[in-house]
Amino acid sequence: MHWYSILPPLIAIAIVFWRKEVIMALLVAVASSEFLLAFQGEGNSLFDTFLNTIERIISVASSPGNTRILIFSILIGALLAYIRESGGVAATVNMLMNKGIAKSKRQVGFLTMFTGIAVFIESNLSVLTSGILSRGLFDKFKMSRARLAYIIDSTSAPVCILILLNGWGAFVLGLLGNYELGESAVSVLWGSVGYNFYAIITLVIVFYTIAFDKVHGPMKEAEEKLELQTTDLKDEIKASKARYMLIPLITLITSMVGFMYYTGNGVLAEGSGSKSVLYATVLSIVVAYFLMIGSRKFTHHQLVDTGFKGMGELMPLVAIVLLSLTLGASLKELGTGVFVASLVGDYLPIYLIVPVLFLTGAVMSFTTGTSWGTFAILIPIGVPLIQALGLPPSLVVGAILGGGIFGDHCSPISDTSAVSAIASGCDLLTHVKTQLPYALFGGGLTFLAYLITSIIVL
């Protein structure tokens, strides 16, 4: 693979921070990646770039899994609009405050974190559930949506990769199952939990942020701006009944678990996350629709308009999700991930291999916008190192998994960042900018932890 395969993601990241325009950045990155692919072949590079960029977007959108993610990202706008317009959000906020469950910023923060941890079945569901539940509460206590986006994003993936009784665990288990490691793949995977320092440190930092009500860097600036606002705290939409929010939300959670079992033929960890979250979202919308029709305060035509208005509000973010998936597919063919992984050379001292694998996973995930793709590339590279050098399998796997999540948390082209922005109602660039210092701090501590552990163990 060639050095220039790293250029498209670097171009995207540069444009994001220069022009503050994500969609343009992703389009330019996809086009540049397709240009390099066309340049490697024969024919008119510029003309082929134009056509291939269009075809790449179409091929990504035609993938069943990607289509489900895109439709889910659109439909969630209708669900959010329904529970907002019904007065259910305002009513739920009032109920939680009256019952003493959410009477302070700390209680609201811990409720959000606990919800994200409890819904560990699927990362998108974790983000979505905790984001929807806490939006109104964060507004009530004048906490920024950037803080909400950080809490749900930095809770979901670390929890999913630590608990592992979900699609994440099944995916990694499938990658490890192809190798002889002296112990079972299940044993190696469960052993990696204690060595996944980034996931553990990230959750500790989230806990600190909530417990001490402390924010730093760009997030502190966002909070200070919010404090200076003199907006009327009265709800624009009058509170009705909490059930208009809670019943669709409970439907979303329980049906998601049920669909995971169904699509996994009775095995939860083998269920399809993309199918389950889409089916659960559609069912929740249907439930919310009939609850609002049953209240006799809304007509069918009003609800149709409300639903489409909610979906329309999310179209820019849905476009970002589509282009992020497209860029990931194009970079995979270009070989960006393989090139980054190849930087881990045989000349490294043995005690540096695990820390460098962590950093390599972070760079791959950051530049490609996908943690799962990072796992798929790096595990086949890390396992031979385990076999050849006698490295502890769980330590190596833990470093790879943690690196993938670390890079994803930092990346402005990650589809996970976009979904977190959707769930919290936060601007995508604001979310990335405010979360970045926390992720970098956690990543720095993690690198030191792997370095110290490697020196001791090896």
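Predicted model: local features only at pLDDT ≥ 70, side-chain atom pairs only at ≥ 80, totals over all residues.

Mentor: Residues are numbered from 1 along each chain as its sequence is written, and side-chain values use heavy atoms, with hydrogens and water left out.

Trainee: Why is the pair Trp168 and Trp372 called edge-to-face?

Mentor: Rings of Phe, Tyr and Trp (its six-membered ring) pair if their centres lie within 6.5 Å; planes under 30 degrees apart are stacked, over 60 edge-to-face, the rest tilted. Trp168 and Trp372 are 5.6 Å apart centre to centre, with 80° between the planes. So the pair is edge-to-face.

Trainee: What makes Trp168 buried or exposed?

Mentor: Buried means under 20% relative accessible area, exposed over 50%, partly exposed in between (1.4 Å probe, protein chains only). Trp168 has 7%, so it is buried. Trp372 has 33%, so it is partly exposed.

Trainee: Where does Ser154 fall, buried or exposed?

Mentor: Ser154 is at 2% relative accessibility, so it counts as buried.

Trainee: How do you know that the side chains of Ser154 and Gln435 make a polar contact?

Mentor: The definition asks for a pair of N or O atoms within 3.5 Å; within protein, one must be able to donate a hydrogen and the other to accept it, and residues adjacent in sequence count only if both atoms are side-chain atoms. The side chains of Ser154 and Gln435 make theirs at 3.0 Å.

Trainee: What makes Arg243 sit over the ring of Tyr244?

Mentor: NZ of Lys or CZ of Arg must be within 6 Å of the ring centre and within 35 degrees of the ring normal. The charged end of Arg243 is 5.3 Å from the centre of the Tyr244 ring and counts as sitting over it.
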